[in-house]
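Dear colleague,

Please find below the structure that I am handing over to you. My findings follow it.

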Amino acid sequence: MRDYLVRGISKDGTLRGAVARSTALVAEACRRHGTDPTASIALGRLTTATALLGCLLKGDQRLGLKIEANGPLEKLFAETDAHGSVRSSIKNPVAGLPPKDGRFDVVGAVGNAGLLHVTKDLGLKDPYRGSVILVSSEIGEDIAYYLTTSEQVPSSVALGIILGGEGEVTAAGGFLIQALPGASDDAIGMIEETLRTLPPVATLLRDGATPEEIFERIFAGCDPTIQVTTDLRFRCTCSREQLRTLLLGMSEEDRRHACGPEEVATVVCEFCKEAYRFDCLDLGLPANP
Ligand code: ZN
């Protein structure tokens with residue numbers, strides 16, 4: 001089953017939203033980073049949230065979400081473009097925490113004190129940067145808090161990841177709902193009522209509901225239209241040539257040092273964990289006699 005998101009709007013144009021299925025995307029991020037179960041859920045939530053916010057981008061715009069906090073995961077980052085390509089990384093992929101109250105301790109893994117940083121490259125001279133403190137460290141609530149306070153668009157964000165017995169990702173997804181200027185209290189109240197009785201989004205996806213069906217369910221009564229469908233995939237922007245250029249910018253001594261006695265420098269991309277190998281010739285160094 002492919003990953004994708006749908007984005008749509010209510011008939012009167014005052015409520016908009018997106019629903020994503022991100023199971024394969026999250027599974028690939030977790031596989032590449034070797035996350036333990038609690039870290040998988042945290043990384044999966046941030047990766048899915050980033051994909052959802054990406055639906056508001058256009059053209060060459062990019063968006064990044066970074067969480068820096070005092071938990072064992074230390075730092076999580078995810079980035080997307082307007083076309084559903086998402087990449088994400090985690091400083092420490094092993095939370096090493098036992099479950100708390102029968103649930104994975106995501107709050108403990110992220111940490112109870114920290115910041116959510118948002119970077120948006122909208123093609124202007126300088127990228128937009130915003131930061132808010134973490135209000136719950138559950139990630140979805142923190143992003144909703146950022147959207148509501150910093151961007152002043154009242155928002156609701158739900159993110160869900162279900163793991164199997166081996167810690168593998170069996171379902172992942174989420175939704176974003178935003179109230180635009182002019183949204184009536186009645187319409188907002190109707191959606192709030194729906195959300196109170198809606199099963200968790202990952203449960204709906206696991207049980208076979210499509211993003212379209214979940215979207216229709218959330219916005220039932222608002223006569224919604226789905227405007228855009230975007231495929232989601234894990235894709236990194238790194239390339240061998242880009243990293244080679246970076247290495248060539250270093251001094252000859254540093255390049256020599258990077259190559260070591262094996263005369264091969266290995267550079268691992270922090271986002272996708274792809275390893276690139278460069279020999280002396282690649283780095284403009286004479287081979288040792
Ligand atoms: Zn990469």
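For the residue classes used here, Ala, Val, Leu, Ile, Met, Phe, Trp, Tyr, Cys and Pro count as nonpolar, Asp, Glu, Lys and Arg as charged, and the others, Gly among them, as polar. By these classes, the lining of the largest pocket has 14 nonpolar, three polar and two charged residues. The model is predicted: local features need pLDDT of at least 70 and side-chain atom pairs 80 or more, while totals for chains, interfaces and linings use all residues. Residues are numbered from 1 along each chain as its sequence is written, and side-chain values use heavy atoms, without hydrogens and water.

A pocket is an open set of points on a 1 Å grid over the protein atoms alone, where a 1.4 Å probe fits, with protein on both sides within 12 Å along at least five of seven lines; lining residues have an atom within 4 Å of a point. Among the 19 lining residues, Ala-158, Leu-159, Gly-160, Pro-200 and Val-201 lie nearest the centre of the largest pocket.

The zinc ion is coordinated by Cys-236 (SG), Cys-238 (SG), Cys-269 (SG) and Cys-272 (SG), at 2.2 to 2.3 Å; donors are N, O and S atoms within 2.8 Å of the metal (3.2 Å for Na, K and Ca). Along the chain, the donors of the zinc ion follow the spacing C-x1-C-x30-C-x2-C. Cys-236 is buried, with a relative accessible area of 16%, and Cys-272 is buried at 5%; buried means under 20% relative accessible area, exposed over 50%, and partly exposed in between (1.4 Å probe, protein chains only). Met-1, at 80% relative accessibility, counts as exposed.

Yours sincerely
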